[in-house]
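Please keep the sequence and the structure side by side while reading.

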Amino acid sequence: HLQMLTQRAQVVEFQQVVRELRGGEPPRDAGPPRVVLTFDDAFLNFHQVVLPLLAQYSLPATLFVPPGFINGDGNHPLYRARFVGLRPMTWGQLGEAVNAGLEIGSHTYRHTNLTRLLVTELEAELSRAQVEIEQRLGVRPFSVCYPEGFASAQVVRLAGGFHACGVVG
């Protein structure tokens, strides 16, 4: 798939597209379609399989990381039975990914349905993820991916206090 993308499209950084849209840049002239690559959850197989392929093809990508999953937080939804064979990356592996040029976004701390949280819980979920990613990886997440695609006006408004943009995953 990556080989096909490099032949038929221009793979661009997520931040670049957001900045262009916010800057009101005019539509581009005809050319290859532009594609943004994003990945969720920071499973170990991303580090083992995807990261080397991104490097091989020199492609930018964004990985949305839920720090609770990386830390082994037992309440994390990604510990459900259907994910039993999928382990998380380590902070060291995430650091390798950052050093390789991968953009890190937030996937909140526990990857929980944000629409079900009280305002104080929601703020804590967003803040805890941002702080942990910054402290562990030395990068500030530009964006947040709302877990399971659940977002409300309140979630989007509060997330805007922590991130430049949010996406529905």
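Predicted model: local features only at pLDDT ≥ 70, side-chain atom pairs only at ≥ 80, totals over all residues.

Is R34 buried, partly exposed or exposed? With a relative accessibility of 28%, R34 counts as partly exposed, where buried stands for under 20% relative accessible area, exposed for over 50%, and partly exposed for the range in between, computed with a 1.4 Å probe on protein chains only.

Residues are numbered from 1 along each chain as its sequence is written, and side-chain values use heavy atoms, with hydrogens and water left out.

The structure holds four salt bridges, a salt bridge being a side-chain nitrogen of Lys or Arg within 4 Å of a carboxyl oxygen of Asp or Glu. One of them joins R34 to E20, with the closest N and O atoms 2.5 Å apart. Because R34 belongs to strand 2 (residues 34-35) and E20 to helix 2 (residues 14-22), this pair ties together parts that are 14 residues apart in sequence; helices (H or I, at least four residues) and strands (E, at least two) are DSSP runs, numbered from the N terminus.

Another salt bridge is formed by R110 and E125, whose closest N and O atoms lie 3.0 Å apart. This pair links distant parts of the chain, since R110 sits in the loop between strand 5 (103-106) and helix 6 (119-137), and E125 sits in helix 6, 15 residues apart. R110 is partly exposed, with a relative accessible area of 26%, whereas E125 is buried, with a value of 4%.

The side chains of E134 and R140 also meet in a salt bridge, at 3.2 Å from N to O. Here E134 counts as partly exposed at 30% relative accessibility, and R140 counts as exposed at 53%.

The cysteines can be considered next. A disulfide is a covalent bond between the sulfur atoms of two cysteines, and the rule applied here asks for a pair of cysteine sulfur atoms within 2.5 Å. How many disulfides does this rule give? The count comes to zero. For C145, the closest cysteine sulfur is that of C165, and the 10 Å between them is too far for a bond. C145 is buried, at 1% relative accessibility, and C165 is buried as well, with a relative accessible area of 13%.
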